[in-house]
Amino acid sequence: MAHELKGSLISLAALLGSEVKDSDGRSVGRLSDVVVHWTTREAYPTVKAIVVKAGKLEVVIGARWLEVVSPSAVRLRSSRAYASAIDRHPGDVALAHDVLDRQVVDADGVQVLRPSDIYLAAVGDRIELVGIEVGVGALVRRLGPRRLRSHVRLGRAIDWGSISGFVPRTPGDMRHGRRSQIAGEAGTGLELDREAAEVKRLRPSEVQAALEDARAKRTGELA
Amino acid sequence: MAILGFLAILGPGLISANAGNDAGGIITYASAGSQFGYRMLFLMILITVALVVVQEMCARLGAYTGEGLGALIREQFPLPSGAAAMLLLFIANAGLTVSEFAGIGASMEIFGVSRYIAVPLALAGIWTVTVLGNYSLAERVFVVMGLVFLTYPIAAFLGHPDPGAVASNLLWPHFLHSKAFLLLAVALIGTTITPYMQFYLTSAVVDKGVTPETYRGERIDTINGAILSDVVSIFIIIATAAAIGGTGPLSNIGQAAAALRPVAGEAASQLFAIGLLGAALLAATVVPLSTAYAIAETAGVERSLSRKLREAPVFYGIYTVQLVVGAAIALLPGNAVSLVINAQVLNGFITPVLLTYILILANRRSVLGDAANGPIFRTVATICVTVVGLLSAVVLVQTVIGWL
């Protein structure tokens, strides 16, 4: 179970800039972002689409066209995937733009950390956002050559389920209900649903175990 | 105590700008007066304009985003260029720390204490007080000592400078086409628009809780702070020029004390030494700490003096390395004045690079919205950064050619 799980854990940092090919092996472009749809109903949002940059053009390709090839690569299931122009809908969160490197504050508004990587996991035929890495190791990996980024090594992670929403930079204007509408604005960040002292930063082995539990539960729900 | 109370209500703009009058600043301004008389005064007017423009952008960024420069750089630029910016900040501030320890050594030698005793003691004392003790109390003591340099305006008048020469050099450029002049010009830029101040100011504005609604008052404080600080710097140049202008570069740091003779007579050296020691100790305490905070914030790691050493290794590591390397280089044999000037020149090379990041951030509507630079401000700011960059590039090329 742990071996299967490890194989299906995906690092956003490793994905970013990777070449996306279709089922015929033709390059479509480079992956520049991953979009999830995050509503109050679900703790672990599902990947909705990827953003691919082809030359100067950026297009969106829906998740139904994607399959996970490795922890650092995705591929299109078909050579006839439908690409559309970028259009942000309520609830859409672009992970590289809105989450990666943004501040995360605790329930008291104290800045606690910055995600240096984001973890996705394949659950059934969906890809879900499961956690953020807050260790320095991922930062170092991102600064290194591309081939090192595909060696995904879990650092200290925080369960995405403990993120309650985005916070605007003006404390008096809390808009938790509209998670995505302030996402990505300079000075905004994510908020945890508890205080810093209560945040459990999981070690790699604990991440594995937690993901295993979550996956088992959700696979059970899906079945 | 009244002075401390007064300092407590000073805004971040004023404190940040006066951080420029540290040991490196004092020595560089004194060198300008000693070596070139009043010729650098017009340049100081231009530098003041650039400083006001840059400081205002930094304060605006802090007020409108609620984040420090390090955080904004991490969020808005690709990680490699953000890391490069932090590396440059580390190097620039390491150079400043060297200057401060050189200043500590020189000031204690005026009192007859060898720098080989004074500098290590200062290093140990600063580290211990900051990490284990109450550094904010120490900071206040150093601030009071550094206020000695407010005597420079008095010294400038009592020194009877030639008013015609002063006015003429303030209002019209009298630049020299010499390598030495250009080098010192870059040193003046590096010590007046030092990157440390921009990072400190933005964080201080955020800590003070300035918002877009309350920004107007903060802008006034920022502009006033920049102007007032440079007024003091200009008086340092005038006072030194009136005392020893045209005698060439300072042969040792103590020579700069001559400018205070109109104020303190035979005690000028001791007065100067007290002021220099206070300014140097303050900066040697604050600059490495500020660097550690900025880099740790950008990296997203633990950063607090209330954490134990093993809980915040990156934060304490950066702080300690800066102090140790700064003190070690300051103890190397050689001319202390040259060492300090070269450290400011290094800052002068790095300044335009970091100013470019600040300019890009302040231009982006995605960062500042309607408060982003308008077309006129953007033009003025771009000219300032470009001129600073060109000057630094010329001197850098000259320096490299000189080595070859």
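Chain A is built from six helices and 16 strands. Keep in mind that you're looking at a predicted model, so confidence matters here: where pLDDT is low, the predicted coordinates should not be read in detail.

**How chain A is put together**
- Chain A has 223 residues, and 42% of them are buried.
- Take the contacts in chain A between residues at least 6 apart in sequence: 59% of these join residues at least 24 apart.

**Where chains A and B meet**
- On chain A's side, 15 residues take part in the contact, while chain B puts in 18 residues.
- Three helices of chain B each bring at least two residues to the side that touches chain A: H5 (69-76), H6 (79-110) and H18 (365-368).
- H5(B) is the top contributor to that side of chain B, with five residues.
- Sorted by class, the side of chain B that touches chain A comes out as nine nonpolar, six polar and three charged residues.

- Chain A has a mean pLDDT of 75, and 68% of its residues reach 70 or more.
- Residues 1-7 of chain A have a pLDDT below 50, and this stretch makes eight contacts in the model beyond near neighbours in sequence.
- Residues 172-177 of chain A also stay under 50 in pLDDT, and the model gives them seven contacts beyond four places in sequence.

Conventions
Residues are numbered from 1 along each chain as its sequence is written. Chains are lettered from A and ligands numbered from 1 in the order in which they are written. This is a predicted model: local features need pLDDT of at least 70, side-chain atom pairs count only at pLDDT 80 or more; totals for chains, interfaces and linings use all residues. Helices (H or I, at least four residues) and strands (E, at least two) are DSSP runs, numbered from the N terminus. A residue is buried if 20 or more other C-beta atoms lie within 10 Å of its own, exposed if 12 or fewer, and partly exposed in between; C-beta atoms are placed from the backbone. Two residues are in contact if their C-beta atoms, placed from the backbone, lie within 7 Å. Ala, Val, Leu, Ile, Met, Phe, Trp, Tyr, Cys and Pro count as nonpolar, Asp, Glu, Lys and Arg as charged, and the others, Gly among them, as polar. pLDDT is the predictor's confidence in each residue, from 0 to 100.
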